[in-house]
Amino acid sequence: HEYDPAKARIFKIIVIGDSNVGKTCLTYRFCGGTFLKNPEATIGVDFRERTVELDGESIKVRLAIWDTAGQERFRKSMVEHYYRSVHAVIFVYDVTSLTSFHSIPDWIEECSRHSVGPLVPRIMVGNKCDLRDRREVPTSAAQRFADSYNFPLFETSAKDPAEKEHVDAIFLTLAYRLK
Ligand code: GDP
Ligand code: MG
């Protein structure tokens, strides 16, 4: 049988967190395979997509990844559009910014406010692990926090080419939970 992308199941994944944590670079790494040099160019909502194969090639799913430049810039109608019919959520913080980590509860709250229910798979990603000398968020603290919400925690770097496969694995983990 010929693979028909139009018939593949499609899942909407939103990527949220403070601005500058690396949301755009992470989604770009996953969907484009490379590190985006000038993420500043992204404004408003950005949409990227990648089809992945699960269980060998037997299952193909399309991941539609919604990325934003901070929704404080959105109008209300836009926010509602963003959170509508979400299948999974990725909360991103920057391991070199305690502030961005402490914002995660606000983002969780924001999801609830927009009716993203507790059954929607959610994961947490600590980005910028390549900046070892500047780390402010210890893995142990992040793990405790993630455990308290029952979220899987991943630490990675959108920039470090050696982490490319790990970034893929994060998105694939979600895809397996959605299929
Ligand atoms: P966003 O606002 O959350 O979408 O963050 P961006 O993806 O625009 O990235 C913000 C800044 O962090 C940019 O200058 C990126 O080059 C940088 N950045 C993103 N990911 C990483 C990473 O893993 N490591 C390092 N060192 N810098 C990163
Ligand atoms: Mg961005």
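In this predicted model, asparagine 150 is exposed, with a relative accessible area of 69%. The residue sits in the loop between α5 and β6 (153-155). Its phi is positive, about 65 degrees, although asparagine 150 is not a glycine. Serine 115 is another non-glycine residue with a positive phi, near 65 degrees. The loop between α4 and β5 (122-127) holds serine 115. Because its relative accessibility is 65%, above the 50% cut-off, serine 115 counts as exposed. A positive phi is also found at glycine 33, near 85 degrees. This glycine follows helix α1.

The protein chain contains six helices and six strands. From the N terminus on, their order is β-α-β-β-α-β-α-α-β-α-β-α. The chain has 179 residues, and 49% of them are buried. Among contacts with a separation of 6 or more, 72% join residues 24 or more positions apart.

Nonpolar side chains tend to be buried together in soluble globular proteins. The largest nonpolar core of this model has 27 residues. Ile14, Ile16, Tyr83, Val89, Phe91, Tyr93 and Met124 touch the most other members. Two or more residues come from each of β1 (9-16), β3 (59-68), α2 (76-83), β4 (88-94), α4 (104-113) and α5 (139-149). The most, four residues, come from α4.

Tyrosine 93 belongs to the largest core. Leaving aside residues up to four places away in sequence, tyrosine 93 touches Val21, Ser100, Phe101, Ile104, Met124, Val125, Gly126, Asn127, Val137, Ala142, Leu153 and Glu155. One of these partners, Met124, is also listed among the core residues that touch the most other members.

Helix α1 spans residues 23-32. Seven of its 10 residues are buried, so α1 is largely enclosed by the rest of the structure. The buried residues are Lys23, Thr24, Cys25, Leu26, Thr27, Arg29 and Phe30.

The shell holds 17 residues in total. Asn20, Lys23, Cys25, Asp130 and Ala158 come nearest to the ligand. By type, the shell divides into six nonpolar, six polar and five charged residues.

Polar contacts to oxygen atoms of ligand 1 come from both backbone and side chains. At glycine 22, a polar backbone atom is 3.0 Å from a ligand oxygen. At threonine 24, a polar side-chain atom lies 2.9 Å from an oxygen of ligand 1. Threonine 24 is one of the buried residues of α1. Serine 157 places a side-chain N or O atom 3.2 Å from a ligand oxygen. On its own, ligand 1 has 580 Å² of accessible area, and the protein covers 84% of it.

Definitions and conventions
Residues are numbered from 1 along each chain as its sequence is written. Chains are lettered from A and ligands numbered from 1 in the order in which they are written. This is a predicted model: local features need pLDDT of at least 70, side-chain atom pairs count only at pLDDT 80 or more; totals for chains, interfaces and linings use all residues. Side-chain values use heavy atoms; hydrogens and water are left out. A nonpolar core is a set of buried Ala, Val, Leu, Ile, Met, Phe, Trp, Tyr and Cys residues joined through side-chain atoms within 4.5 Å. Buried means under 20% relative accessible area, exposed over 50%, partly exposed in between (1.4 Å probe, protein chains only). Contact means heavy atoms within 4.5 Å. A residue is near a molecule or strand if one of its heavy atoms lies within 4 Å of it. A polar contact is a pair of N or O atoms within 3.5 Å; within protein, one must be able to donate a hydrogen and the other to accept it, and residues adjacent in sequence count only if both atoms are side-chain atoms. Accessible areas come from the Shrake-Rupley method with a 1.4 Å probe; for residues, only the protein chains shown count as cover. Ala, Val, Leu, Ile, Met, Phe, Trp, Tyr, Cys and Pro count as nonpolar, Asp, Glu, Lys and Arg as charged, and the others, Gly among them, as polar.
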